[in-house]
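User: Walk me through this one. Start with the charged pairs, then the packing.

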Amino acid sequence: MTQSRQALIFTNDVTTHLRALVEEMSPSSVHIITDSNVAAQVLPSLSLPWPAITVPPGDDNKNISSLSHIWERLIEAGATRKSLVINIGGGVVTDMGGFAAATFKRGVRFINVPTTLLSAVDAAVGGKTGINFAGFKNEIGAFAPADAVIISTACFGSLPSSELLSGYAEMVKHGLLSSPATYTSLIDRDILSTSPAEMLHLLEESVRVKERIVTEDPFEKGLRRALNLGHTVGHAFESLAMERNRPIPHGYAVAWGILVEIIISHMSEGFPSSGIHTYARFLKENGYGAPAITCDDYDALIAYMTHDKKNDTPGAINFTLLSSPGIPKIDRTASSEEIRAALDIFRDLMY
């Protein structure tokens, strides 16, 4: 079974390409979905003629209430199955807007225009959509590829450093999956001083890694699971933070999750110990910090991992691990004792 391949457009002239796409697609109506921050800071510069449906910003608002608001506004605006949705924003907007489009009238076309590095390299590409539910990340969703994704770095100049670092963690993940040379080039770079033109080039290289994997395995039956590197533990960090009403950036959680999972990789797959220390040093030197956890939190974190939707067998926690950069090992499991030991080492390295 195959999934239609979405068009990826890398440009810093978003408005021209977006208008051309809409003219080519000739929809019955066009509806922008965005959040209130993007509506104020980005939409005016794009000078687009279509009305916007606005939702509150933040991952804690990627929920059924915001989704219902989008559906209601589409109905009020008279949207039909031949309408077009344009999601302009970060990962919350592209995830939730994509799911709204995929389910409204059993599916309308949509375009993603990510406005953060994280959404450009991760959420907007690959066809995963959804919302958080019952305290769990991305618990409800669907595979639904955008008809096109317009990727630009034009908006990145106004992003805080935390947003850039969050997205860069996903790029580093792609480097770890790709090759030792790609990975090394990414962790040796000062991301915060990279020019927009250079960043667009790096971003295209990174997105192409994901595109190759998704094209081969669109519904995550095999190879695509490699993209979950860092996410089993990372989502647990995020869920625990959400439970405590102290949300953390997704990319930071993934960055920390990668470290825990390469520690597990060292235990079971022979990932070199020198690589663990190199990656931990990268996190420290670039200001990723560490989650506020103690050994008392291990049970809760493991419980979240046990509930992870990637698990195939009840009670068995599924990981993507690495034997070395460029050699991922999918569908690996680890015991609670191994996870606890890895979390201990993680805390020793980061605190």
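**Salt bridges and packing**

Analyst: Glutamate 76 and arginine 73 sit 3 residues apart in helix H4 (residues 64–76), so about one helical turn separates them. Helices are DSSP runs of H or I with at least four residues, numbered from the N terminus; strands are E runs of at least two. The model is predicted: local features need pLDDT of at least 70 and side-chain atom pairs 80 or more, while totals for chains, interfaces and linings use all residues. Numbering starts from 1 along each chain as its sequence is written, and side-chain values use heavy atoms, without hydrogens or water.

User: What links glutamate 76 and arginine 73?

Analyst: A salt bridge, 3.8 Å from N to O. The rule is a Lys or Arg side-chain nitrogen within 4 Å of an Asp or Glu carboxyl oxygen.

User: Is glutamate 76 buried or exposed?

Analyst: Exposed, at 61% relative accessibility. Arginine 73 is partly exposed at 30%. Buried is under 20% relative accessible area, exposed over 50%, partly exposed in between (1.4 Å probe, protein chains only).

User: How many salt bridges by this rule?

Analyst: The count is 14. One of them pairs arginine 340 with aspartate 299, at 2.2 Å between the closest N and O atoms. Arginine 340 is in helix H14 (residues 336–350) and aspartate 299 in helix H13 (residues 298–306), so the bridge ties parts 41 residues apart in sequence.

User: New topic. At what angle do H7 and H8 pack?

Analyst: About 155°, with axes 6 Å apart. H7 is therefore roughly antiparallel to H8. Over 145 degrees counts as roughly antiparallel, under 35 as roughly parallel, 65 to 115 as roughly perpendicular, the rest as oblique. Axes are lines fitted to C-alpha atoms over the stretch in contact, with angles from 0 to 180 degrees between N-to-C directions.
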